[in-house]
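Biologist: Thanks for sitting down with me. Could we go through this one together, a question at a time?

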Amino acid sequence: MSDQLLTLPQYLIPQHLLSRLILKLTRLQMGAVSHWMIKRFINYYGVDMNIAQSTNVRDYTSFNQFFTRPLNSKARPLDEAELISPVDAEISQIGQIDNGSLLQAKGRSYYLNTLLGGNAKMVNLFKQALFCTLYLSPKDYHRIHMPVTGLLTDMLYVPGRLFSVNQRTARVIPNLFARNERVICLFETEFGPMALILVGAIFVGSIETVWAGTVTPNRLSQIEHWHYSEKTVLQRGAEMGRFNMGSTVIVLLDANHLKWLPELAPSNKILMGQGLARHEPKTCQII
């Protein structure tokens with residue numbers, strides 16, 4: 001059966017209604033029923049509970065509490081690279097933005113302007129930037145951390161659809177990441193501007209940030225923009241947000257100061273805290 005045919009039902013189902021239903025169901029505290037669901041999920045997806053702060057299923061009162069579980073302090077050491085991965089994920093695509101275009105999948109691209117909700121300030125910052133698309137599978141750790149220390153300046157909520165964001169849908173749905181609901185967080189760092197784009201998907205009950213709490217679901221059908229004048233600095237490795245059910249993070253970086261580590265490529269698995277990019281100091285030419 002073709003990818004197009006398998007993806008067709010996603011156009012027809014009530015995506016937001018189902019996702020809100022999942023939001024409520026995963027927060028129900030059903031005792032033995034919740035624990036049974038968690039055990040089934042662990043066995044089906046092969047979740048490694050040895051790295052969780054609590055390895056006992058009975059310590060989780062709801063499925064969502066398990067899904068957003070914290071890890072123990074030694075589970076994710078931070079690499080020496082200047083910029084680290086914000087999440088446990090598979091690298092979907094990695095490279096440089098070319099004339100405002102990002103690669104979604106082989107033979108399929110989408111535009112930065114649409115991804116950033118038409119925000120001219122952000123578009124100008126990242127016209128020729130680096131980008132990395134990180135896909136979180138159901139078994140992954142679903143908290144999002146800072147790749148580098150940054151000063152929060154802006155947050156943008158962009159409404160949209162809630163298509164799945166797995167490799168199949170990335171291959172067949174045009175402009176997938178620029179069509180889905182998303183939260184864009186802009187930071188100033190010692191290596192220039194950085195954006196973390198948290199992309200919603202089907203059954204993603206909500207997206208949260210540590211400074212704003214729950215950002216989605218959002219019942220407004222318009223773009224919302226928050227500008228932060230007070231100094232909110234998040235340290236490298238600190239938690240900045242989380243997905244309540246899985247999705248995708250897109251990292252945008254200033255290409256003048258950082259380069260992706262050469263060993264990284266699409267389909268590579270990467271863990272939060274592992275190296276993602278290094279500083280590339282400019283060399284002076286002597287004439």
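Biologist: Happy to start with a single residue. Is D88 buried or exposed?

Modeller: Keep in mind that this is a predicted model. The relative accessible area of D88 is 3%. Buried means under 20%, so D88 counts as buried.

Biologist: And where in the chain is D88 found?

Modeller: Strand β1 covers 83-84 and strand β2 covers 89-96. D88 lies in the loop between β1 and β2.

Biologist: With which side chain does the side chain of D88 make a polar contact?

Modeller: Leaving out residues up to four places away in sequence, D88 touches R76, L136, D140, Y141, K269, I270, L271 and M272. The polar contact, at 2.7 Å, is with the side chain of R76.

Biologist: Then let's look at S247. Is S247 buried or exposed?

Modeller: S247 is found in the loop between β14 (239-244) and β15 (248-253). Leaving out residues up to four places away in sequence, S247 touches L134, Y135, L136, V165, V199, G200, A201 and V204. Its relative accessibility is 0%, so S247 counts as buried.

Biologist: Now the aromatic rings. How many aromatic pairs does a search of the whole structure find?

Modeller: The search covers the whole structure, and its total is 10 aromatic pairs. One of them is formed by F41 and F67, with 6.0 Å centre to centre and 70° between the planes, which is edge-to-face. The two residues of this pair are 26 residues apart: F41 is in helix α4 (residues 32-45) and F67 in helix α5 (residues 63-67). Both F41 and F67 are buried.

Biologist: What kind of pair do the rings of Y60 and F66 form?

Modeller: Their centres are 5.9 Å apart and their planes stand at 75°. Planes over 60 degrees apart count as edge-to-face, so the Y60 and F66 pair is edge-to-face.

Biologist: Are Y60 and F66 buried or exposed?

Modeller: Y60 has a relative accessible area of 4%, and F66 has 0%. With the cut-off for buried at under 20%, Y60 and F66 are both buried.

Biologist: Which residues form one aromatic cluster?

Modeller: The residues from the two pairs we discussed, F41 with F67 and Y60 with F66, belong to it.

Biologist: Last one, for the whole protein chain. What is its radius of gyration?

Modeller: The secondary structure comes to nine helices and 18 strands, and 52% of the 287 residues count as buried. A compact globule with 287 residues would have a radius of gyration near 19 Å. The protein chain agrees with that, so the value is 19 Å.

Notes:
Residues are numbered from 1 along each chain as its sequence is written. This is a predicted model: local features need pLDDT of at least 70, side-chain atom pairs count only at pLDDT 80 or more; totals for chains, interfaces and linings use all residues. Side-chain values use heavy atoms; hydrogens and water are left out. Rings of Phe, Tyr and Trp (its six-membered ring) pair if their centres lie within 6.5 Å; planes under 30 degrees apart count as stacked, over 60 as edge-to-face and the rest as tilted. Helices (H or I, at least four residues) and strands (E, at least two) are DSSP runs, numbered from the N terminus. Buried means under 20% relative accessible area, exposed over 50%, partly exposed in between (1.4 Å probe, protein chains only). Contact means heavy atoms within 4.5 Å. A polar contact is a pair of N or O atoms within 3.5 Å; within protein, one must be able to donate a hydrogen and the other to accept it, and residues adjacent in sequence count only if both atoms are side-chain atoms. The radius of gyration is taken over C-alpha atoms; the globule rule is 2.2 Å times the number of residues to the power 0.38.
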